[in-house]
Amino acid sequence: MKHAIHLIGALLLVLISWQAIAWLGGWNEALFPTPVRTLQGFAEILADGVLLKDIGTSLYRFLLGYTTSVLLAMALGLILGWYQNIWAFLNPIAQVLRPISPVAWLPFIVLVFGIGDMPSLVIIFLAAFFPVLLSTVAAVAGIEPVYLKVAQNFGIGQPQLLTKIIFPAIFPRIATGLHLALGTAWVFLVAGEMVGTQSGLGFLIIDARNNLRADLLMTAIITIGVLGLLLDSAITLLEKHIYRRWGIPERSNA
Amino acid sequence: MSYIDIQDVSRNYSQNGQTFCALQQVNLRISRGEFICLLGPSGCGKSTLLNILAGFDKVSEGSITIGGAPVTKPSVKHVTIFQNYGLLPWRTVEKNVELGLESLSMPADKRQKIAQKYLSLVGLKEFAQSHPAELSGGMQQRVAIARALAVDPEILFMDEPFAALDALTRMKLQDEISAINRSQHKTIIFVTHDIDEAVVLADRIVIMTPNPGRIKTIIPVDLHGQRDRTSPDFLRIRDHVFAEFSLKPADTTEYYI
């Protein structure tokens, strides 16, 4: 109940300041839309199916790119975390690649993969890959020694040690990386779709701009925000479930 | 020749060019089925000795044989029980108990049967499908004991297994492990810093002192069967151990164990 009051309050605050900015600015409505105008635009592309189609396209790309990326990053992270002498060589490379915005690679990505779904998939992949890889490697290195002792005691060797003991033991720590990667990947989805593609929410933004439809631009922005929030809530639920099962006290603001 | 033979064992650690002697010239012989308590304050090397016996650590000098064979690595025949239980939180209680059986290429239904048997032994049959986080500390340690017994080991190494439990639970588990020692005929090496615990459990108490870690004395405990913590015999041995640590009132040394 309290939560609902906060939500409604926040919504009112946004609407009032938005309307106020529109009035005070005095811009042409084609350049800066009012809330009402945006709602009309929203109703328009909702009715003709454009919005849902773009949402579907974006979510499909996101889930495909994100899932491939995190699965590969976790598998690689497990192996590299265990074989630290190999990681010692690759770590500097990862540290250099990690801070580069995936968008910077776009010209090369388009060159190699052409246009279509691939550029945004590759960008989402890159955005999710490094947070998960690094958190997995760190988690393997920081595993509770008692798990390794128990495994050793009961004669559990590789590859069962990685799959049966190490991966589940460190999963709560990887989950934090998964959460982080989800947010980053979602941010870069839009950036990826702004270039080299004719569909998705990112394209909706470019298309609206080119047609001077600021109301649709705003609709796309709000949709991206709300979907990002929903994805984040979903992974928070998953994290909470894992923490409960593993018996880890929940962080109060997780 | 005795079952476990510890001969002139030393363990040195070097750190920043300095050598630290955790164990110095330790000699001990243990017979099959014996319940040995390694008792002493922090830093006396009791856990180091246990780790070496269990194969998790190596000697710097000397030798250790169990059943005539030198100890080189951990074995499923010698299971260690840890203070923080070492249960796998993502597995149910039953699947935790089955863990050690999974490497033994045994059909799943037989594994389950064995797990059930040892869960009943520790009184947790109805918690088979729970997860460790849902159990109290004492129950979790019982699961760890069931998991260790499930592989039918010859030796149980116990590293301060009850130190994290409240006093009443601890006494209950002491009685249980003592009964298991008698009924299952396991050799048990038990590390503790609790004098009462050692007197309740041990056939012989090995008293160790720090800097460097070594054995000071060995006190045989001539009490048999289930021990009464309030009997005069119990108090007599307890007194003896207190005296060994210079904890008798006449002494002014401050010693917290």
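Contact here means heavy atoms within 4.5 Å, and a residue is buried under 20% relative accessible area, exposed over 50% and partly exposed in between (1.4 Å probe, protein chains only). Element names come from DSSP runs, numbered from the N terminus: helices are H or I with at least four residues, strands are E with at least two.

Before going further, some housekeeping: this is a predicted model, where local features need pLDDT of at least 70 and side-chain atom pairs count only at pLDDT 80 or more, while totals for chains, interfaces and linings use all residues. Residues are numbered from 1 along each chain as its sequence is written, chains are lettered from A and ligands numbered from 1 in the order in which they are written, and side-chain values use heavy atoms, with hydrogens and water left out.

Which residues of α3(B) are buried? They are Arg111(B), Ile114(B), Ala115(B), Tyr118(B) and Leu119(B). Looking down the axis of α3(B), these buried residues fall within an arc of 135°, so they line one face of the helix; the arc is that of the directions from the helix axis to the C-beta atoms. On the face turned away from that buried side, α3(B) carries the exposed residues Asp109(B), Lys113(B) and Lys117(B). The helix itself covers residues 108–121 of chain B, and its 14 residues reach 20 Å from first C-alpha to last, close to the 20 Å expected at 1.5 Å a residue. That expected span is 1.5 Å times one less than the number of residues. After α3(B) comes Gly123(B), with a positive phi near 75°.

Next stop is the loop between α3 and α4 of chain B, where you'll find His131(B). Is His131(B) buried or exposed? With a relative accessible area of 10%, His131(B) is buried. Leaving out residues up to four places away in sequence, His131(B) touches Arg245(A), Pro89(B), Trp90(B), Arg91(B) and Thr92(B).

Then there's α4(B), which is mostly covered, with 13 of its 14 residues buried. The end C-alpha atoms of α4(B) are 20 Å apart, which agrees with the 20 Å that its 14 residues should span at 1.5 Å a residue. Asp152(B) follows α4(B), and its phi is positive, near 50°.

Most residues other than glycine have a negative phi, and most peptide bonds are trans. Here are some spots in the loops that go the other way:

| Site | Feature | Value |
|---|---|---|
| Gln158(A)–Pro159(A) | cis peptide bond | omega about 0° |
| Asn211(B)–Pro212(B) | cis peptide bond | omega about -10° |
| His185(B) | positive phi | about 55° |
| Asn211(B) | positive phi | about 50° |

Pro159(A) lies between α7 (145–153) and α8 (160–193) of chain A. In chain B, Pro212(B) is in the loop between β9 (204–209) and β10 (214–220), and Asn211(B) is in the loop between β9 and β10 too. Asn211(B) counts as exposed at 66% relative accessibility. His185(B) is in the loop between α5 (167–184) and β8 (187–192) of chain B, and at a relative accessible area of 63% His185(B) is exposed as well.

Over in chain A, there are 10 helices and 0 strands. The C-alpha atoms of chain A fill a box of roughly 70 × 50 × 30 Å along the principal axes, and buried residues make up 43% of its 254 residues. Of the contacts in chain A with a separation of 6 or more, 73% are between residues 24 or more positions apart.

How do the helices of chain A pack, and at what angle do α5(A) and α6(A) meet? Helix α5 (residues 106–113) and helix α6 (residues 117–141) of chain A pack at about 130°, with axes 9 Å apart. Axes are lines fitted to C-alpha atoms, for helices over the stretch in contact, and angles run from 0 to 180 degrees between N-to-C directions. The pair α5(A) and α6(A) is therefore oblique: angles under 35 degrees count as roughly parallel, over 145 as roughly antiparallel, 65 to 115 as roughly perpendicular and the rest as oblique. The contact is made by Leu106(A), Ile109(A), Val110(A) and Phe113(A) of α5(A) and Met118(A), Pro119(A), Val122(A), Ile123(A) and Leu126(A) of α6(A).

Helices α3 (residues 50–82) and α4 (residues 84–97) of chain A have axes that come within 5 Å and cross at roughly 115°, so α3(A) and α4(A) are roughly perpendicular to each other. Here Leu80(A), Gly81(A) and Trp82(A) in α3(A) meet Gln84(A), Ile86(A), Trp87(A) and Leu90(A) in α4(A).
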